[in-house]
Amino acid sequence: MIMTQQKQGVFFALAAFLMWGLAPIYFKEIDHIAALEILMHRVVWSCVLLVVIILVIKQWHKVKTVLLNTKLMLGLVVTSLLLGFNWGLFIWAVNNDHILDASLGYYINPLLNVLLGVLFLGESLRRMQLVAVGLAVFGVILQLISFGSFPVIAFSLASSFAVYGLLRKKMPVESLPGLLIESLIMLPFALLYWVFFVTSEQNTLYVTDLSLATLLVCAGVVTTAPLLCFIAASRRLTYTTLGFFQYLGPSLMFILAVALYGEVFSMDRVITFAFIWSALALFSFDSYRNRQKLKAN
């Protein structure tokens, strides 16, 4: 029996967010390697995989069109820098026992997206959405005042990805061709790092451990596979429905951090997470209620 479009969308959404949520397990397996070197492999092998995919689905003409547009290319230079920063910081956070901070960042991200939509896209907030954003902000302010700390890693991950999403939303570039060009922009820097900063003794592709070399090459799959599933899901589900799945990723990261990797769920994190979770619950309820109203009309 052939699955309906919606069931296919649910399947692809679950696959995408499961892979994103379980990604720390992969990076923990190679956490003895420098974060910059892992980032280098992530860029290089993502490029290789994306080139193959673009050729197979025959979208190279779309890539050429963007390459010839100076304005779009300048925009993609900015988004590639944001994406590279986000990838690198996530790898560093996982490898240095900050998975809880990464989880918090991806919980904050949808609320930050809403805020940027209001500030730069002329979108308006409903009353409950405004309360939800206020709860999240209050939780962070309370942590700052009570414990004298600010979730730098979480906010750096959330803000870099939110701004990246905002810029990409305003650019008439499809997801796959755009990601390939962003990866190609990062590629020269990755290759320069590989040639000049990774010595032959440190180069993990030249070591006798074939399993480690295979893991590094798989960085391209770890990067690209969830994105392809996400794109497939977004074509089959409404944006609101897709939004409910986005909490799966950070929830899995949270469980991994506390249950598997023994990160400390300290009181300042408890307070911030409590406010963020409350904000997301309120935001999700409001989105669901508004969707039901639109269906009724």
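Helices (H or I, at least four residues) and strands (E, at least two) are DSSP runs, numbered from the N terminus. The model is predicted: local features need pLDDT of at least 70, side-chain atom pairs count only at pLDDT 80 or more, and totals for chains, interfaces and linings use all residues. Residues are numbered from 1 along each chain as its sequence is written, and side-chain values use heavy atoms, with hydrogens and water left out.

**Exercise 1.** Locate Asp97 and Lys58, and state the phi value and the exposure of each.

Solution. 
- Step 1. Asp97 belongs to the loop between α4 and α5 (99-120). Its phi is near 60 degrees, a positive value in a residue other than glycine.
- Step 2. Lys58 sits in the loop between α2 (35-56) and α3 (60-67). Although Lys58 is not a glycine, its phi is positive, about 55 degrees.
- Step 3. Lys58 is exposed because its relative accessible area is 66%.

**Exercise 2.** Describe the surroundings of Asn86: is the residue buried or exposed, and which residues does it contact?

Solution. 
- Step 1. Asn86 is part of helix α4 (residues 70-95).
- Step 2. With a relative accessible area of 4%, Asn86 is buried.
- Step 3. Contact means heavy atoms within 4.5 Å. Leaving aside neighbours within four places in sequence, Asn86 contacts Tyr106, Leu157, Ser160 and Phe161.
- Step 4. The Asn86 side chain reaches the backbone oxygen of Leu157 at 3.1 Å.

**Exercise 3.** Determine how α1 and α10 are oriented and what kinds of residue form their contact.

Solution. 
- Step 1. Axes are lines fitted to C-alpha atoms, for helices over the stretch in contact, and angles run from 0 to 180 degrees between N-to-C directions. The axes of α1 (residues 5-29) and α10 (residues 219-234) come within 7 Å and cross at roughly 155 degrees.
- Step 2. Angles under 35 degrees count as roughly parallel, over 145 as roughly antiparallel, 65 to 115 as roughly perpendicular and the rest as oblique. The two helices, α1 and α10, are therefore roughly antiparallel.
- Step 3. Among the contributors to the contact are Phe12, Phe17 and Trp20 of α1, and Val222, Leu227 and Phe230 of α10.
- Step 4. Ala, Val, Leu, Ile, Met, Phe, Trp, Tyr, Cys and Pro count as nonpolar, Asp, Glu, Lys and Arg as charged, and the others, Gly among them, as polar. The contact of α1 with α10 comprises 18 nonpolar residues, one polar and no charged.

Conventions:
Buried < 20%, exposed > 50% of the residue type's maximum accessible area, 1.4 Å probe, protein only. Polar contact = N/O pair within 3.5 Å; in protein donor to acceptor, adjacent residues only side chain to side chain.
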